[in-house]
Amino acid sequence: MIRVLIADDQAMVRQGFGALLAAQPDLLVVGDAADGAQAVDAARHLDPDVVLMDVRMPVMDGLEATRKLLGDRSAQRPRVLILTTFDLDDYVYEALRAGASGFLLKDAPAAELVQAVRVVAAGEALLAPAVTRRLIAEFAARPDRRRPRPTDLAGLTPRETEVLRLIARGRNNAEIAGDLVVAEQTVKTHVGRILAKLGLRDRAQAVVLAYETGLVAAGE
């Protein structure tokens, strides 16, 4: 069972998402929260696998809550799926930098929400890669003194670098395997090594790093 916590300041959203997810045989809604502070406290007590995190909430916003949850090395850290609208792109990008595993538009179809939770829980793919790729490219193109240097990728082999570039372009493991004419298990091995070498938690962070280092240019 995938344990889910829903954090949103609108009761109708929490109830609607909760009913939808609870109807799935492999999903269990363990609780909800009306603000970021409640979400952090609930996550630490309820041990969810995935937190559906709204961005704009009172007391503590979803961005700060994500930072606190994923920055707590002493606790079991859930995967965070950001709930957003396009007018909050700045927040979404910062949430991905903070370690969120992806994002979902609030008006997405019900089936997409269910699948998104499963995908993020598995940690195997970045949700909505085409949309997320454009969002990251836009903000990664802005000057930022905090950006990592290209030398941060020096420890990767040429093949690992190639795989990282394909990940950043939104390709999943099966597609990368087809592009490189290798077995999908080989790609999974490469992805695991890339994340380990770069100290990254998942593919979402890998995409951010690829754009920030210039490995993949905005608009490619």
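User: In this predicted model, is aspartate 179 buried, partly exposed or exposed?

Analyst: Buried means under 20% relative accessible area and exposed means over 50%, with partly exposed in between. The relative accessibility of aspartate 179 is 37%, and therefore this residue counts as partly exposed.

User: Which residue forms a salt bridge with aspartate 179?

Analyst: Side chains of opposite charge can pair when their charged atoms come close. For aspartate 179 the closest N and O atoms of the pair are 2.9 Å apart, and a salt bridge requires a nitrogen within 4 Å of a carboxyl oxygen. The partner, at 29% relative accessibility, counts as partly exposed, and its name is arginine 171.

User: Where does aspartate 54 lie, and for which modified residue does UniProt list Asp54?

Analyst: Aspartate 54 lies in strand E3, which covers residues 50-54. At 4% relative accessibility, this aspartate counts as buried, and, leaving out residues up to four places away in sequence, aspartate 54 touches Ala7, Asp8, Asp9, Gly62, Leu83 and Lys106. The UniProt record, an unreviewed entry, lists Asp54 as a modified residue, namely 4-aspartylphosphate.

User: Which helix holds both arginine 159 and glutamate 162?

Analyst: Arginine 159 and glutamate 162 form a salt bridge whose closest N and O atoms are 3.2 Å apart. Arginine 159 is partly exposed, with a relative accessible area of 32%, and glutamate 162 counts as partly exposed at 32% relative accessibility. The two residues are three positions apart, about one turn of the helix, and that helix, residues 158-168, is H7.

User: How far from aspartate 35 is the nearest side chain of opposite charge?

Analyst: Aspartate 35 lies in the loop between strand E2 (27-33) and helix H2 (36-46), and its side chain reaches the backbone nitrogen of glutamine 38 at 2.7 Å. Apart from its neighbours within four places in sequence, aspartate 35 is in contact with Met57, Pro58, Val59 and Met60. Although buried, aspartate 35 has no salt bridge, and the nearest side chain of opposite charge, that of arginine 14, is at a distance of 8.5 Å.

User: Why is helix H10 described as largely enclosed by the rest of the structure?

Analyst: Helix H10 spans residues 203-212, and among its buried residues are Arg203, Val207, Leu209 and Glu212. Just after this helix, glycine 214 takes a positive phi of about 85°. Helix H10 is largely enclosed because the number of its residues that are buried is ten of the ten.

User: What percentage of the residues in the chain is buried?

Analyst: The secondary structure of the chain comes to ten helices and five strands, and its accessible surface is about 10300 Å², with 51% belonging to carbon and sulfur atoms. Of the 220 residues in the chain, the buried ones make up 48%.

Key
Residues numbered from 1 in each chain as written. Predicted model: local features only at pLDDT ≥ 70, side-chain atom pairs only at ≥ 80, totals over all residues. Heavy atoms only, no water. Helix = DSSP H or I, 4+ residues; strand = E, 2+ residues; numbered from the N terminus. Buried < 20%, exposed > 50% of the residue type's maximum accessible area, 1.4 Å probe, protein only. Lys, Arg positive; Asp, Glu negative; His and termini not counted. Polar contact = N/O pair within 3.5 Å; in protein donor to acceptor, adjacent residues only side chain to side chain. Contact = heavy atoms within 4.5 Å. Areas by Shrake-Rupley, 256 points an atom, 1.4 Å probe, with all protein chains shown as cover. UniProt positions renumbered as here; feature names shortened; annotations may be inferred.
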